[in-house]
Amino acid sequence: MTNGFPGACIGNTGSVPRLGIPPLCLADGPSGVRGQEFASAFPAGIHIAATFDRTMWYEYGRALGSEFRGLGVNVALGPVAGPLGRIAVGSRNWEGLSNDPYLADAGMAGIVRGIQDSGAMASIKHWLLNEQDFRRNPSEMGESLSSNLDDRTLHELYAFPFMGAIRDGASSVMCSYNRVNNSYACQNSKLLNGVLKTDLGFEGFVVSDWGAGHTGIASANAGLDLIMPDEGFWGPRLVEAVNNGSVALERVRDMASRILAPWFRLGQDKDYPRVAIQKSSLDTSEPVDVQNGHGKLIRKMGAAGHVLVKNNGALPFRKPKFLSIFGYDADVPSDPWHSYNVFGAYKPVGLVPEDDVYASPKLQNLNGTLITAGGSGSTTPPYVISPFQALQTRIADDGGVIRWDFYSVNPTPWYRSDACLVFINSYPDEGFDRIGLRDELSDQLVDNVASNCSNTIVVIHSAAIIFAGLPGQETGRALVDILYGDVNPSGRLPYTVALKESDYGHLLNYTRDTSWFPQDNFTEGLFIDYRAFDRDEIEPRYAFGFGLSYTTFEYAKLSLHPFSTVSPGGLPDPEIRIIQGGHPQIWDTVYTATFEIRNTGDVYGAEVAQLYLGIPVEGTPARQLRGFEKVPLQPGEGKTVTIALTRRDLSFWDVEAQQWRIPEGVFNVYVGASSRDLRLNGTFRIGDGISDL
């Protein structure tokens, strides 16, 4: 499969020499420039989402974008908010920014601002509803899977995470492989011309995922602007289509304008670095070093995304003298090239049952510490500081002893151990949804160590249930910063962890429709993740937004104040023109919530205060995240926090009016430390042309 135009990048456009327009370079991926030496391996999307930190998201994007720019890459293919994580075993959930549309939207917007402030274009993906990998592409089995859903769910849940990034000027949107309501996403006029370019006013260009273009005329007229790669659908055939009237000349001019507009807007027409992408490990050209000391930032972000979910006083460490280290995830893989690029090196556990012909043919665990997962979103780290390496360095500095066993399922802990650490992981790979959320070997390993060591600490590098997440190349140092209390853990779970797999209901596994035209009906509507757990009154093991600290926090004095008058109809002014991100009035602040947080412990820490809103509309989740703030506090210190609620935050998508509408009625407000740990509550009413308490 070729790009249609020669070049070193994963995607290369044509050029117009007479106008001084060079070919544009497009490159993977959302967490680092894939396949390049002297380029950093940043934390994955789901890990950075766990920080709940708007400032850090921007810093992440800025550093990431600078490396793309330094290598002459015009378009960075990321960040990701699709998949949203509808399916618990989805193989690409780790690339995204949580299962909640509000959190994902905030993360996408911050990262896009950072990437584009560095001078590179961001291509946000995947538009839309590519929520499983099984049958995402046409094959000998038949056509791609069709994701079928209603208009309200489409807008409120799956398009919602893209809105902030589009408002902030995202240059590109990548359309997905699957069909949507039985029309391929990259030739679905409702999705591209309708929702994206009309409802959201998107002015950049739409690029196909690689191989997601299946027609010439239909995709061009539906709103696709750049096909990757061109397998004969466009090129001379597009010229022919214009000449015979099948595609309007203005449509082709619109494509060119949309591609060149961000190129000019970001100043890529002036002194942009030459393309320095290496085609393979055998490339003998002199590599360009774009790391720029980003290891320190990766370490900070890695620590911030670790989520402490259980602690009986074992942490933080206080100079332990003897540590025992167990598990296949503790040290680096034996083959780093194949372990951290698009190909995986797997440990022989988690085998697919022979009678399960639909599941992944691959295995489920990486034989080595997991810093990323597989596929186009993977990275090729310049180095990896493993947990074992970082722990060994730390305990050596303290004059202690460390012992290890990376291979045994039933290791014998040394009786002198102050603590036993068990490292396990769960490896997803693009193209193959996972076969489950657990594996027998890892469970046995943890149980065996815990039965012989009274102070056992389990560290999970996982894309399904995140504890240590996917923290990038500084994984070991970031973990040790948390274990020893140099950094107080402040990460929060960006999705729900269930008590048992069946608690996820039909959203545990992907749809295994083997018909020629496979269908996946999103019958759950708006109710995924914590929204479904709340509706069904299911107690989670760890709730969305949950995470422990080495200190404690107290909430008090919630007050709600109207910020502006709301019209009785609750619709934005139809006379005002739609801009990027939708109707401009949906971003206006309508209410503010103010409350106090105090650090009641004896160490410095940061609390993630979360605001959930109950919107008085039938068929709406009882609570939806609509605000959060990460609040750093010294011991005994208190701060007043103000969270603004916009018109969009208070609205539902009115399918008849085709606009965001604020309903009349009583809105319930909840403030707390997770979706289930709600410390404060209040109400306000909207109606009769006024808003009041």
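Which residue in strand 8 does Arg179 stand opposite? Arg179 stands opposite Tyr184. This is a predicted model, in which local features need pLDDT of at least 70 and side-chain atom pairs count only at pLDDT 80 or more, while totals for chains, interfaces and linings use all residues. Residues are numbered from 1 along each chain as its sequence is written, and side-chain values use heavy atoms, with hydrogens and water left out. The points below cover a sheet and the disulfides.

**Sheet**

- Four strands make up an open sheet with mixed pairing, in the order 8-7-5-16. Strands (E, at least two residues) and helices (H or I, at least four residues) are DSSP runs, numbered from the N terminus.
- Two strands count as paired if DSSP finds at least two bridges between them.
- The edges are strand 8 (183–184) and strand 16 (519–521), each of which pairs on one side only.
- Strand 7 (residues 179–180) runs antiparallel to strand 8, and two bridges join them.
- Strands of a sheet pair through backbone hydrogen bonds, either parallel or antiparallel.

**Disulfides as a set**

- The whole structure holds three disulfides, a disulfide being a pair of cysteine sulfur atoms within 2.5 Å.
- With the bonded cysteines of the chain numbered in sequence order, the pairing reads 1-2, 3-4, 5-6.

**Cys9 and Cys25**

- The sulfur atoms of Cys9 and Cys25 are 2.0 Å apart in their disulfide.
- Cys9 is buried at 5% relative accessibility, and Cys25 is buried at 1%. Buried means under 20% relative accessible area, exposed over 50%, and partly exposed in between (1.4 Å probe, protein chains only).

**Cys175 and Cys186**

- Cys175 and Cys186 form a disulfide with their sulfur atoms 2.1 Å apart.
- Because Cys175 lies in strand 6 (residues 172–175) and Cys186 in the loop between strand 8 and helix 5 (189–199), the pair ties together parts that are 11 residues apart in sequence.
- The S-S torsion of about 110° makes this disulfide right-handed.
- Cys175 is buried at 0% relative accessibility, and Cys186 is buried at 2%.

**Cys420 and Cys453**

- In the disulfide of Cys420 and Cys453, the sulfur atoms are 2.2 Å apart.
- This pair links distant parts of the chain, 33 residues apart: Cys420 is in strand 14 (residues 419–426), and Cys453 is in the loop between helix 12 (440–452) and strand 15 (456–462).
- The torsion about the S-S bond is about 95°, so this disulfide is right-handed.
- Both Cys420 and Cys453 are buried.
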